[in-house]
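Me: I've just opened a structure I have never seen before. Could you walk me through how to read it?

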Amino acid sequence: VKQDEVVYRAAVLFLDAEQIGRALRTAASQIPNLERMRETVEQRVAEGRELEIEKKRASLNVLKARQRIENLRMDLESTETSLALLLGYDAADQVHPAEEDRPVLALPPSEDASITLAVDSSKELKILASRMAAKRLELSGFRAQRLPQLDLVAQYSLFAKYNYQDYFGQFQRHNGQLGVSVTIPILVGRSAYALAASAEADLAKLQIDFGRARSQIAADTKKAFQDLKKAALAGEVARADLDLTREQLSIYLAQYAEGRLPLAKLEETRIAESERWMTYYEAQNMMERARLAILRETGTLQAALR
């Protein structure tokens, strides 16, 4: 179980480092656009076509963008350091996720199949089932103390010739006995009853724990599937929003080339496109994390990542 948690933690840190790195590059690409917008606003203010407050607002937008970049840079450094420590490197090291296309992690065919697989592969349930089996045997032993007992008795002897054949007229070297011993308890005492009652109480508690653990595993697996559905819907919305913004940007670029659109409007749309890319990256990250959670619940995470 601990090994599965370490693998899951490493995979999540990898995804987070990848997503933060993309967001950092996207945020950095906004700075030139924001600076051009500030210069345009400053010029319009100097010409008397904009209020002084618009100049302050444009400068504030640049400061906010730089603050976001610095925050993302520190988050990326922290995440890559955590990943390095998890992989056994020193605290001064950082592990950068590789930029590569990777296949989508395969999941069980359905939610019900995932729940069944999660229950069957649960180490916690296997431990509880083993404890219940041992407690049933213990209970059977306590109850058997109040019942008649039948024991099979057998004995075999081989006698030496020189000890017996000189004194007995008839002598059998090989001797064997087979019989049954019957024990009927009359005064058992109350200890057997008390021990049996205690074992029954322990068994009942284990059965409750088993049922509760089984229900929790099923609920966690179901929630993981729900999180995946939510992330998938969010990804569809983010992709549609991104495509729409990119299409709008293409129209604005054509209008700007024809002199029919101010530069400020074009730069605003470019910044909006960058924001849509960051939202899309975040949605992709949530989808992959949801897939990892399902694989962790079903106990197939390590096999899927190989």
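This is a predicted model: local features need pLDDT of at least 70, side-chain atom pairs count only at pLDDT 80 or more; totals for chains, interfaces and linings use all residues.

Me: Okay, how many helices and strands are in the chain?

Reply: The chain has 8 helices and 2 strands. Following the sequence, the pattern reads α-α-α-α-β-α-β-α-α-α.

Me: And what share of the 306 residues in the chain is buried?

Reply: Buried residues make up 30% of them.

Me: How do I read two helices that pack together?

Reply: Two packed helices are described by the angle between their axes and the distance between the axes.

Me: Is the crossing of H1 and H2 left-handed or right-handed?

Reply: The crossing of H1 and H2 is left-handed. If you sort the residues of this contact by class, you get 22 nonpolar, 6 polar and 13 charged.

Me: Which angle do H1 and H7 make where they pack?

Reply: H1 and helix H7 (residues 263–298) pack at about 175 degrees, and their axes are 9 Å apart. That angle makes H1 roughly antiparallel to H7. The contact of H1 with H7 has 16 nonpolar, 8 polar and 13 charged residues.

Me: Can we look at single residues now? Where is Leu-86 found?

Reply: Leu-86 is in helix H2.

Me: Why does Leu-86 count as partly exposed?

Reply: Because its relative accessibility is 31%, and partly exposed is the class between under 20% (buried) and over 50% (exposed).

Me: What about Lys-56: buried or exposed?

Reply: Lys-56, also placed in helix H2, has 57% relative accessibility, so it counts as exposed. Between Lys-56 and Arg-38 the C-alpha atoms are 8.9 Å apart in space, and the two residues are 18 apart in sequence.

Me: Now the rings. How many aromatic pairs are there?

Reply: The count comes to 3 aromatic pairs. One of them is Tyr-280 with Tyr-281, with 6.3 Å centre to centre and 50 degrees between the planes.

Me: Why is the pair of Tyr-280 and Tyr-281 called tilted?

Reply: Planes under 30 degrees apart would be stacked and over 60 would be edge-to-face, so 50 degrees falls in the tilted class.

Me: Which residues do ring pairs link into a cluster?

Reply: Trp-277, Tyr-280 and Tyr-281 are linked that way.

Me: Are Tyr-280 and Tyr-281 buried or exposed?

Reply: Tyr-280 has a relative accessible area of 16%, so it is buried. Tyr-281 is buried as well, at 18%.

Me: Last one: which residue lies over the face of Tyr-280?

Reply: That's Arg-239, at 5.2 Å from the ring centre. You can read another ring the same way: Arg-296 lies over the face of Tyr-8, at 4.0 Å from the ring centre.

Conventions
Residues are numbered from 1 along each chain as its sequence is written. Side-chain values use heavy atoms; hydrogens and water are left out. Rings of Phe, Tyr and Trp (its six-membered ring) pair if their centres lie within 6.5 Å; planes under 30 degrees apart count as stacked, over 60 as edge-to-face and the rest as tilted. Buried means under 20% relative accessible area, exposed over 50%, partly exposed in between (1.4 Å probe, protein chains only). A charge sits over a ring if NZ of Lys or CZ of Arg is within 6 Å of the ring centre and within 35 degrees of the ring normal. Axes are lines fitted to C-alpha atoms, for helices over the stretch in contact, and angles run from 0 to 180 degrees between N-to-C directions. Helices (H or I, at least four residues) and strands (E, at least two) are DSSP runs, numbered from the N terminus. Angles under 35 degrees count as roughly parallel, over 145 as roughly antiparallel, 65 to 115 as roughly perpendicular and the rest as oblique. Ala, Val, Leu, Ile, Met, Phe, Trp, Tyr, Cys and Pro count as nonpolar, Asp, Glu, Lys and Arg as charged, and the others, Gly among them, as polar. A crossing is left-handed if the near helix is turned anticlockwise from the far one by less than a right angle, and right-handed if clockwise.
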